[in-house]
Amino acid sequence: MPTVAVTDASFEADVLKSDKPVLVDFWADWCGPCKMIGPSLEEIAEELGDKVTIAKMDIMANTDVPGQIGVKSIPLMVLFKDGKPVAQKLGAAPKSALKGWLESEL
């Protein structure tokens with residue numbers, strides 16, 4: 001399952017009301033580290049798609065949700081379960097580290 005684009009308008013339905021955990025990657029087009037982890041997140045989405053949805057939110061196009069959550073640095077990945085943030089990881093990391101962290105939180 002590929003990553004899903006999430007917007008301020010779709011956040012509640014796509015993330016908060018999801019029946020499975022959702023990892024939201026807060027990113028921006030000008031962010032080099034964000035671009036570095038993008039392909040890894042796509043691969044992880046394919047590998048773990050039955051357990052978790054991986055969503056991406058462009059903080060430049062969507063400012064409401066990142067403001068409410070308090071996103072100050074990117075890339076920031078926040079894992080939501082049952083509509084609540086339960087874990088977060090800041091910064092770029094190799095795919096193996098990202099996947100290991102995510103699996104440990106699921």
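Modeller: Two residues are in contact when heavy atoms of theirs lie within 4.5 Å. The structure is a predicted model, in which local features need pLDDT of at least 70 and side-chain atom pairs count only at pLDDT 80 or more, while totals for chains, interfaces and linings use all residues. Residues are numbered from 1 along each chain as its sequence is written, and side-chain values use heavy atoms, with hydrogens and water left out.

Biologist: Leaving aside its neighbours within four places in sequence, which residues is Val-15 in contact with?

Modeller: Val-15 is one of the residues that touch the most other members of the largest nonpolar core, a set of 18 residues. Such a core consists of buried Ala, Val, Leu, Ile, Met, Phe, Trp, Tyr and Cys residues joined through side-chain atoms within 4.5 Å; buried means under 20% relative accessible area, exposed over 50% and partly exposed in between, with a 1.4 Å probe and protein chains only. Beyond neighbours within four places in sequence, the contacts of Val-15 are Val-6, Ser-10, Val-22, Val-24 and Phe-80.

Biologist: How many bridges join strand 4 to strand 5?

Modeller: Strand 4 and strand 5 run antiparallel. Within this pairing, Val-78 has Gln-88 as its bridge partner, and Lys-81 has Lys-84. The number of bridges joining strand 4 to strand 5 is six.

Biologist: Is Asp-82 buried or exposed?

Modeller: Asp-82 is placed in the loop between strand 4 and strand 5, in a hairpin with two residues between the strands. Its phi is near 50 degrees, a positive value in a residue other than glycine. Because its relative accessibility is 74%, Asp-82 counts as exposed.

Biologist: What is the geometry of the aromatic pair of Phe-11 and Phe-80?

Modeller: Rings of Phe, Tyr and Trp (its six-membered ring) pair if their centres lie within 6.5 Å; planes under 30 degrees apart count as stacked, over 60 as edge-to-face and the rest as tilted. A search of the whole structure finds one aromatic pair. For Phe-11 and Phe-80, the centres are 5.5 Å apart and the planes make 80 degrees, a geometry that is edge-to-face.

Biologist: Why does this pair tie together parts that are apart in sequence, and by how many residues?

Modeller: Both Phe-11 and Phe-80 are buried. Phe-11 lies in helix 1 and Phe-80 in strand 4, so the separation in sequence of the parts tied together is 69 residues.

Biologist: Which residue is joined to Cys-31 by a disulfide?

Modeller: A disulfide is a pair of cysteine sulfur atoms within 2.5 Å, and the whole structure holds one. The link is right-handed, with 80 degrees about the S-S bond, and both of its cysteines are buried. At an S to S distance of 2.3 Å, the partner of Cys-31 is Cys-34.

Definitions and conventions
Two strands pair if DSSP finds at least two bridges between them. Helices (H or I, at least four residues) and strands (E, at least two) are DSSP runs, numbered from the N terminus.
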